[in-house]
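Reader: I would like to learn how to read some features of a structure. Can we take them one by one?

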Amino acid sequence: MKLIIHGGFFSESHTNDKTKSQKQEALKRIIHQGFQYLQNHTSIQTVVYVVSLLENDPLFNAGTGSQIQADGIIRMSAALMDGSTLKMAGVINIENVKNPILVAEKLMSYEDKILGGTGAIEFARTHHFPFFNPQIKQRKEEFDKKKENKDKNRTSTVGCVCIDHLGKIATATSTGGKGYEIPGRISDSATVAGNYANAHCGVSLTGIGEDIVSLAMAAKIATRVSDGMTLAHAFEKSFLDLKQIQGLAGAIGIDCKGNIYHQESHPTMVYASYDGIILDSF
């Protein structure tokens with residue numbers, strides 16, 4: 001049983017050293033909570049639980065603390081995927097819910113598994129997810145500055161990859177967007193480019209969604225592992241592809257043998273991994 005989580009890049013907002021340290025400590029706390037939860041739960045249950053904890057922490061750009069789009073509205077996206085069943089569910093540009101990943105989890109039992117915009121919002125209300133405003137003071141201040149200076153270079157996402165005691169792999173990813181984007185813009189997080197799992201490995205990404213989507217990165221890494229590459233080689237090969245378009249991304253993954261790997265194109269992605277004995281983090 002192992003899991004790895006990421007909290008996006010340090011550069012996703014105007015953070016100082018104190019905030020960076022707080023993010024690292026938060027990831028360590030959440031990874032420990034996640035591993036304890038994993039003892040009595042499946043991989044798919046665990047990734048949802050862990051990502052909901054990340055969404056609840058205003059230090060990260062997902063759920064509470066999400067970025068604000070150019071029209072002043074927060075729209076969030078999230079997805080989860082069960083590698084053993086190849087089923088994926090997600091929400092795109094959902095508004096006014098506390099945990100987009102929980103709405104995505106609810107969709108797993110439905111035939112229509114990925115909903116966007118008003119459809120996602122109506123589904124959440126129908127299933128008794130209460131109204132919740134995820135905006136925090138810091139994000140409003142950043143939005144006002146971006147509106148004034150057109151500073152649009154901040155981006156981030158949170159994610160989790162897990163393998164349970166049965167060897168089943170799952171992934172979950174959630175984002176509050178890059179901030180000041182065109183209203184309705186779709187990122188990679190609720191697509192197989194940013195969140196993918198099969199029987200061979202699971203991958204979650206953060207970074208510039210357009211770069212990640214254009215290379216179908218999560219699905220490509222998983223396909224390469226399925227075709228016989230090691231997890232490390234699949235990551236390295238895919239990040240060479242990313243370099244050709246000067247893209248920005250970070251990724252975490254676990255394969256069916258329990259190998260854990262992470263890589264980023266630019267410093268510095270915050271992450272933590274845990275197997276009950278060894279803790280690795282940045």
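Predicted model: local features only at pLDDT ≥ 70, side-chain atom pairs only at ≥ 80, totals over all residues.

Reader: What is the volume of the largest cavity?

Author: The largest cavity has a volume of about 60 Å³. Its lining includes Gln-69, Arg-75, Met-76, Ser-77 and Asn-93. Thr-175, Gly-176, Gly-177, Glu-181, Arg-185, Ile-186 and Ser-187 also line the largest cavity.

Reader: How does the lining of the largest cavity divide by class?

Author: Two residues are nonpolar, seven polar and three charged.

Reader: And the second largest cavity: which residues are the closest to its centre?

Author: The second largest cavity has a volume of about 50 Å³. Eleven residues line it, and Thr-157, Thr-175, Arg-185, Ser-187 and Gly-207 are the closest to its centre. By class, its lining has no nonpolar, eight polar and three charged residues.

Reader: Now the pockets. How much space lies in the largest pocket?

Author: About 160 Å³. Among the residues that line the largest pocket are His-200, Val-225, Gly-228, Met-229 and Thr-230. Leu-231, Asp-255, Cys-256, Lys-257 and Asn-259 line the largest pocket too. The lining has four nonpolar, four polar and two charged residues.

Reader: Next, helix packing. What describes two packed helices?

Author: Two values do: the angle between their axes and the distance between the axes. Take helix H2 (residues 43–56) and helix H3 (residues 100–107). They pack at an angle of about 155 degrees, and their axes are 8 Å apart.

Reader: Why is H2 called roughly antiparallel to H3?

Author: Angles over 145 degrees count as roughly antiparallel. The angle here is about 155 degrees, so H2 is roughly antiparallel to H3.

Reader: Which residues meet in H2 and H3?

Author: From H2 come Val-48, Val-51, Ser-52 and Glu-55. From H3 come Pro-100, Ile-101, Leu-102 and Glu-105. The contact of H2 with H3 has five nonpolar, one polar and two charged residues.

Reader: Last, the rings. How many aromatic pairs does a search of the whole structure find?

Author: Six aromatic pairs. One of them is formed by Tyr-37 and Tyr-49. The distance is 4.0 Å centre to centre, with 10 degrees between the planes, and the pair is stacked.

Reader: Where in the chain are Tyr-37 and Tyr-49?

Author: Tyr-37 is in helix H1 (residues 17–38) and Tyr-49 in helix H2. They are twelve residues apart, and the pair links distant parts of the chain.

Methods. Residues numbered from 1 in each chain as written. Heavy atoms only, no water. Axes fitted to C-alpha atoms, helices over the stretch in contact; angles between N-to-C directions. Helix = DSSP H or I, 4+ residues; strand = E, 2+ residues; numbered from the N terminus. Parallel < 35°, antiparallel > 145°, perpendicular 65-115°, else oblique. Contact = heavy atoms within 4.5 Å. Nonpolar A, V, L, I, M, F, W, Y, C, P; charged D, E, K, R; others polar. 1 Å grid on protein atoms, 1.4 Å probe; cavity = no way out; pocket = protein on both sides within 12 Å on 5 of 7 lines; lining within 4 Å. Points joined across faces, edges and corners; volume = space filled by probe spheres on them. Phe/Tyr/Trp six-rings, centres within 6.5 Å; stacked < 30°, edge-to-face > 60°.
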